[in-house]
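Open the model in your viewer and keep the selection tool at hand. The stops below say what to select next and what is there.

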Protein chains: 2
Amino acid sequence: MLIVQKFGGTSVGDLDRIGNVASRVSATKKEGNDVIVVVSAMSGETNKLVGYAEHFSSHPAAAEMDMLLSAGERVTASLLAIALQEMGHDATAMTGRKAGIVTDVNHTKARIERIDPEVMQNAVKSGKIIVVAGFQGVNEAGDVTTLGRGGSDLSAVAIAGALKADLCEIYTDVSGIYTTDPRIEPKAKKLDKISYDEMLELASLGAKVLQNRSVEMAKKLNVNLVTRTSFSNEEGTLITKEENIMEAPLVSGIALDRNQARISLMGVKDRPGIASDIFNRLATAEVNVDMIIQNKAHDGATNIDFTVPVGDLFDAKEIVDSFVQDGEIKADSYNEEICKVSVVGVGMRSHAGVAAKAFSTMAENNININMISTSEIKISMVIDEKYAELAVRGLHDAYELEK
Amino acid sequence: MLIVQKFGGTSVGDLDRIGNVASRVSATKKEGNDVIVVVSAMSGETNKLVGYAEHFSSHPAAAEMDMLLSAGERVTASLLAIALQEMGHDATAMTGRKAGIVTDVNHTKARIERIDPEVMQNAVKSGKIIVVAGFQGVNEAGDVTTLGRGGSDLSAVAIAGALKADLCEIYTDVSGIYTTDPRIEPKAKKLDKISYDEMLELASLGAKVLQNRSVEMAKKLNVNLVTRTSFSNEEGTLITKEENIMEAPLVSGIALDRNQARISLMGVKDRPGIASDIFNRLATAEVNVDMIIQNKAHDGATNIDFTVPVGDLFDAKEIVDSFVQDGEIKADSYNEEICKVSVVGVGMRSHAGVAAKAFSTMAENNININMISTSEIKISMVIDEKYAELAVRGLHDAYELEK
């Protein structure tokens with residue numbers, strides 16, 4: 001098998017941990033696999049460098065930031081290659097450039113445009129273990145670029161896709177994807193397998209193991225992704241095509257997102273295009289609107305409720321308040337004491353009654369549902385934040401996820 | 001003027017010092033000059049990275065070491081460019097690759113083969129301040145290489161040569177070249193100008209401001225080199241062509257090298273080629289033999305005395321002892337309690353009596369001269385180490401260098 005293994009900052013956080021990573025890579029190689037390793041900077045390094053830059057400027061130039069920040073991953077990659085050589089392996093460290101990772105021109109948040117795989121292919125063919133500095137590539141002008149948050153995961157997935165690797169293992173300090181947050185529901189179970197689409201829903205709902213960019217790329221490139229921990233030999237969770245999961249359960253997991261705020265607009269003026277005006281203004285300000293509910297009250301006035309991430313609330317308030325001042329909205333109000341509980345599962349596509357069970361579970365626990373939104377594989381409910389844990393445990397029980 | 005300014009590790013040792021460097025570069029630019037800056041890694045960084053590598057291997061692979069060590073200079077270059085941008089300058093950071101520095105394939109001690117100057121020339125033309133990561137280049141295979149000790153000085157001199165800069169300023173924590181070590185002779189004076197050849201002699205004799213590789217390259221490329229301190233505005237010392245120095249003094253300086261050991265071979269067998277055998281064996285073991293004296297004693301036996309750096313003494317002993325065991329040499333002895341005092345000056349080419357004054361100065365101070373060697377511009381004398389300071393002060397006085 002050709003296996004891509006990616007180790008994040010905490011997994012390579014100090015020299016001893018880099019040594020542990022070397023042992024793991026060595027074992028994988030000795031089992032007869034070809035291995036390409038992708039590493040992040042040692043934890044804390046990138047923040048240190050960002051702090052250095054901010055000492056000089058609150059808005060340092062992006063090209064210089066990329067040259068600065070790409071240094072951390074180069075250090076880790078070199079050290080891991082040296083450690084592997086010392087264990088008797090033929091290992092070689094590669095920068096993003098050397099590995100053929102070509103990006104667009106957007107410094108600090110570049111997108112991978114293509115991977116020129118020849119150099120890596122030849123190294124694999126000759127039996128080498130390749131250690132690639134993650135998070136970085138090179139643009140057509142020949143300048144170093146970085147891929148933004150979660151960039152090393154992207155490097156790993158893109159390499160796995162380009163070289164048609166059998167597996168792309170993402171090592172973190174978390175052992176896999178759970179049916180729900182074990183800190184809330186101790187009966188939560190680790191999932192063996194989950195589909196890309198379910199993972200995307202869970203990730204956007206607050207499961208922080210993987211970023212959506214990486215999962216989306218894995219789905220697009222058909223990469224079998226495994227998330228597992230570097231601190232034990234525990235098996236992780238395979239994220240793969242739905243077709244690869246023989247018996248998809250009705251529900252895979254319950255996600256909780258506390259990071260939501262609700263904005264209520266009362267008495268929205270009855271003119272064509274006003275909703276579009278409001279939400280266009282919010283979009284321009286990069287406010288991430290999630291759920292939207294519009295209804296007509298008995299007195300004929302239109303009310304609109306929507307949710308935004310707490311971090312976007314300040315910007316959203318400014319915009320909404322301006323509509324109130326212009327007399328287009330009678331009044332607005334805000335509520336940060338809410339949360340979003342979601343039931344995710346590809347099985348619900350072919351099964352009726354999943355949503356009904358969610359609503360009845362809420363009713364049994366005397367939890368009022370403020371907003372509902374559904375997709376093919378997800379039911380989300382906004383409720384008062386104080387009921388968050390109660391709701392998660394109730395749903396986990398109701399769908400028998402501990403089994 | 002086009003000025004290349006190189007700042008070493010202590011000059012960029014922390015963020016405040018990088019800020020000071022930015023102010024100095026900014027002032028040079030504002031005086032109407034074009035400026036290319038070459039920087040080392042922050043002091044301690046390279047040693048830290050070497051320590052990391054040695055945690056894993058006593059002989060880490062050279063290619064990986066270069067990828068590892070080149071990270072430090074990239075960090076400093078990025079930060080300095082950001083600091084200059086914040087001061088309103090159009091500044092751009094460049095890696096060795098981007099700056100067009102092409103080297104041979106010898107990782108960790110590469111030689112600069114050429115500089116492709118177009119990218120830097122265009123940046124200078126458009127008014128940019130360029131900040132180049134020193135110490136590094138790229139070989140024809142596209143891999144990062146480093147230039148070995150003093151590599152950032154080499155980067156600066158090579159760039160100054162390729163772009164025909166008017167001046168190449170090397171900033172260190174020392175304010176210039178002195179007539180002798182001021183810690184030994186407080187009356188030592190800083191020299192305004194000195195020729196390449198004198199500097200080469202002084203450097204090889206222990207003046208540690210500049211390495212010979214850099215001075216040799218400056219001589220070859222006809223680069224006007226200035227060594228000065230980054231911690232004050234004090235003028236430094238210009239190292240230039242002999243023709244540029246109007247009135248070359250008889251003697252420019254007195255150098256002291258304590259790092260010498262003397263090896264004495266008594267009763268060397270009288271067969272053709274034996275001296276060549278001994279010194280070939282020493283050369284193969286990379287023992288750096290400096291002065292050699294051979295003489296026939298009254299009894300017809302041949303004695304050979306020579307000096308080596310103290311660090312090479314162990315290897316030299318092994319070789320010499322083997323000749324004793326084979327019966328080709330009757331006996332050998334070693335003396336580390338010696339030093340070499342040298343008088344350096346291009347003026348002595350055209351003036352007689354310089355050597356005589358050195359010898360008489362030694363005699364007046366009752367210092368016995370063990371060995372003598374001379375070149376066109378240098379007289380070196382090996383003496384007992386206990387007389388080192390006395391000899392230096394005596395010679396400094398004799399040639400009236402305090403004037």
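Axes here are lines fitted to C-alpha atoms, for helices over the stretch in contact, and angles run from 0 to 180 degrees between N-to-C directions. Two residues are in contact if their C-beta atoms, placed from the backbone, lie within 7 Å. Helices (H or I, at least four residues) and strands (E, at least two) are DSSP runs, numbered from the N terminus. Two strands pair if DSSP finds at least two bridges between them.

This is a predicted model, in which local features need pLDDT of at least 70, side-chain atom pairs count only at pLDDT 80 or more, and totals for chains, interfaces and linings use all residues. Residues are numbered from 1 along each chain as its sequence is written, and chains are lettered from A and ligands numbered from 1 in the order in which they are written.

**Stop 1: helix 5 of chain B**

Select residues 151–162 of chain B. This is helix 5, which lies across strand 1, strand 2, strand 6 (129–133), strand 9 (167–172) and strand 11 (225–229) of chain B. Its direction is at about 175° to strand 1 of chain B.

**Stop 2: the sheet of 8 strands**

Now show the strands of chain B. An open sheet with mixed pairing has 8 strands in the order 3-6-2-1-9-11-12-10. At its edges stand strand 3 (91–94) and strand 10 (193–195) of chain B; each has a single partner strand, so one side of each is left without a neighbour in the sheet. On average, neighbouring strands of this sheet are turned by 20° against each other, direction ignored.

Select residues 2–7 and 34–39 of chain B, which are strand 1 and strand 2. They run parallel and are joined by 6 bridges. Which residue stands opposite B:Leu2 in strand 2 of chain B? It is B:Asp34.

**Stop 3: where the chains meet**

Show both chains. The contact takes 27 residues from chain B and 26 residues from chain A. Helix 2 (45–56) and helix 3 (62–86) of chain B each supply at least two residues of the side that touches chain A. Helix 3 of chain B gives the most to that side, with 14 residues. By class, the side of chain B that touches chain A has 17 nonpolar residues (Ala, Val, Leu, Ile, Met, Phe, Trp, Tyr, Cys and Pro), 4 charged (Asp, Glu, Lys and Arg) and 6 polar (the others, Gly among them).

The same surface serves both copies, as 96% of the contact residues of chain B recur in chain A.

**Stop 4: chain A and its domains**

Colour residues 2–173 and 242–403 of chain A separately: these are domain 1 and domain 2, with bounds from an automatic or database domain assignment. Their centres, taken over C-alpha atoms, are separated by 38 Å.

**Stop 5: the sheet of 4 strands**

In chain A, find the open sheet of 4 strands with the order 15-16-14-17 and antiparallel pairing. Its twist averages 15° from one strand to the next. Strand 14 (residues 260–268) and strand 17 of chain A are joined by 6 bridges. Here A:Ser264 stands opposite A:Ser333. Finish with helix 9 (residues 313–325) of chain A, which lies across strand 14, strand 16 (302–309) and strand 17 of chain A, at about 160° to strand 17.
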